[in-house]
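Trainee: Could you take a close look at one part of this model with me? I would like to begin with a single residue and then see the rest of the chain around it.

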Amino acid sequence: MKLAEDPHRRLNVLTNEWVVVSPHRATRPWQGEVATLQTIPEPVYDPSCYLCPGNERAGGVLNPQYTSTFVFENDFAALKPNMARESLDVDNAGLLIAETEPGICRVICFSPRHDLTLATMSVDEIEPVVHTWVGQFRELAGLEAINHVQIFENRGAMMGASNPHPHCQIWATASIPDAPSKELATQSNYFQKHRRCLLCDYVELESKQNVRVVAENEAFIALVPFWAIWPFELLISSRRHLKDMPELTPQESRSLAEILQKVTSTYDKVFGVPFPYSMGFHQAPTDGPPHPEWHFHAHFYPPLLRSATIRKFMVGFEMLGTPQRDITPEIAADRLRALAATRR
Ligand SMILES: [Zn+2]
Ligand SMILES: [Zn+2]
Ligand SMILES: [Zn+2]
């Protein structure tokens with residue numbers, strides 16, 4: 001089988017889901033949207049932004065004059081913390097099933113500066129963000145009712161981010177959400193079968209092949225995973241086997257800030273615009289067991305495909321069957337690696 005030419009499907013060993021790859025289609029003529037994108041620089045401070053220092057949020061709360069990172073409970077939280085765990089199964093038929101989902105939703109501003117992004121912040125400025133993530137994870141993980149802590153960032157209007165001010169969200173939940181549940185199952189199976197960690201072995205193999213690696217430093221590696229669905233999807237993995245952020249050494253925190261800066265600034269070079277994405281960290285569930293199988297990593301899912309405005313849609317066969325991509329993960333990695341090597 002020729003991975004660069006033949007239509008094939010690849011298995012995502014972290015989720016046990018497949019992706020169809022159609023390399024022969026990557027050259028077909030494009031007849032759709034060709035609009036160009038105008039980007040207007042953001043101001044350093046926006047009086048109408050509810051995340052800027054000193055400004056008013058929903059319900060009349062004033063933000064402090066914060067100077068580094070700033071954390072608050074989401075004013076429009078999707079989940080509520082103080083709910084009893086109850087489940088519902090109408091007529092015990094196993095068909096209409098529901099349960100309460102207690103949870104905590106917080107917002108973390110990365111910087112008081114409205115105009116910055118991870119891509120334009122310095123490593124010195126991103127490091128306190130990493131420390132804030134560590135502190136938040138530790139605090140939420142310690143709560144009896146919380147079994148999983150999801151830290152994620154939606155960047156860009158295309159990804160539904162309602163505000164350009166650099167920020168992320170935390171949703172800490174009583175249940176383990178679907179994506180990490182699938183990864184828990186695959187990592188546990190691999191660990192039981194081989195007595196080794198799936199991602200430790202995968203990262204070692206990717207390092208050896210050196211085909212899909214985009215950037216690396218002492219503690220982290222960023223690569224287009226073999227099974228990537230999104231055109232420029234990236235997986236960032238720690239080199240050392242650690243299960244969550246509180247296990248990071250000070251040097252590893254610095255390395256994480258460095259690779260995040262590298263990856264996001266590389267993304268902005270792909271089409272010469274601030275690159276939209278959803279990213280998030282997958283850390284071991286906080287449900288009690290030690291989780292020796294779990295390996296700390298982050299996913300970046302950017303939607304852009306061919307230009308600043310042409311995005312990939314998950315429609316048709318992808319919605320009803322299996323996700324599919326044309327440009328191979330290897331070609332995407334070549335392009336990102338070349339851009340990562342150029343100066344800012
Ligand atoms: Zn702002
Ligand atoms: Zn590992
Ligand atoms: Zn993951």
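Mentor: Start with N92. N92 is exposed, because its relative accessible area is 69%, and the cut-off for exposed is over 50%. Find N92 in the loop between strand 4 (87-89) and strand 5 (97-99). Now look at the backbone. The phi of N92 is positive, near 50°, and N92 is not a glycine. Keep in mind throughout that this is a predicted model.

Next, H291. Phi of H291 is also positive, near 50°, again in a residue other than glycine. H291 sits in a loop too, the one between strand 12 and strand 13. What about cover? H291 counts as buried, because its relative accessibility is 7% and buried means under 20%.

One more positive phi belongs on your list. N210 follows helix 3, and its phi is near 50°.

So turn to helix 3 itself. Helix 3 runs over residues 198-209, which makes 12 residues. From the first C-alpha to the last, helix 3 reaches 17 Å, close to the 16 Å expected at 1.5 Å a residue. Which residues of helix 3 are buried? They are L198, L199, D201, Y202, V203 and E206. Here is a rule to read that list with. An α-helix has 3.6 residues a turn, so residues three or four places apart point the same way. Now ask what covers the buried residues of helix 3. The cover includes helix 2 (178-194) and strand 9 (213-216). It also includes strand 10 (220-223), strand 11 (234-238) and strand 13 (297-301).

The zinc ion (ligand 3) is coordinated by E183, H282, H297 and H299. Two of them link distant parts of the chain: H282 lies in strand 12 (residues 277-282) and H299 in strand 13, 17 residues apart. H282 is buried, because its relative accessible area is 7%. H299 counts as buried as well, at 7% relative accessibility.

Now go to another zinc ion, ligand 1. Its donors are C49 (SG), C52 (SG), H114 (ND1) and H165 (ND1), at 2.0 to 2.3 Å. The spacing along the chain is C-x2-C-x61-H-x50-H. What is the geometry of this site? The site is tetrahedral, with angles of 103 to 115° among the 4 donor atoms. C49 lies in the loop between strand 2 (17-21) and strand 3 (70-73). H114 lies in the loop between strand 6 (103-109) and helix 1 (123-141). So the pair C49 and H114 ties together parts that are 65 residues apart in sequence. C49 is buried, at 3% relative accessibility. H114 is buried too, with a relative accessible area of 1%.

S253 counts as buried, at 3% relative accessibility. S255 is buried, with a relative accessible area of 6%. Their contacts deserve a look, leaving out residues up to four places away in sequence. On that basis, S253 touches E127, V130, H131 and L248. S255 is in contact with N217, E218, A219 and F220. For a sense of scale, S253 and W18 are 235 residues apart in sequence and 33 Å apart in space, C-alpha to C-alpha.

Last, step back to the whole chain. The chain has 6 helices and 14 strands. Buried residues make up 50% of its 344 residues. A compact globule of 344 residues would have a radius of gyration near 20 Å, and the chain's 21 Å agrees with that. The C-alpha trace spans about 55 × 55 × 45 Å along its principal axes. The accessible surface comes to about 16,900 Å², and 56% of it belongs to carbon and sulfur atoms. Finally, consider contacts between residues at least 6 apart in sequence: 67% of them join residues at least 24 apart.

Terms used: Residues numbered from 1 in each chain as written. Chains lettered and ligands numbered in written order. Predicted model: local features only at pLDDT ≥ 70, side-chain atom pairs only at ≥ 80, totals over all residues. Heavy atoms only, no water. Donors = N, O, S within 2.8 Å, 3.2 Å for Na, K, Ca; no water. Tetrahedral: all angles 85-135°; square planar, octahedral: opposite > 155°, others 65-115°. Helix = DSSP H or I, 4+ residues; strand = E, 2+ residues; numbered from the N terminus. Buried < 20%, exposed > 50% of the residue type's maximum accessible area, 1.4 Å probe, protein only. Expected span 1.5 Å × (residues − 1). Contact = heavy atoms within 4.5 Å. Rg over C-alpha atoms; globule rule 2.2 N^0.38 Å. Areas by Shrake-Rupley, 256 points an atom, 1.4 Å probe, with all protein chains shown as cover.
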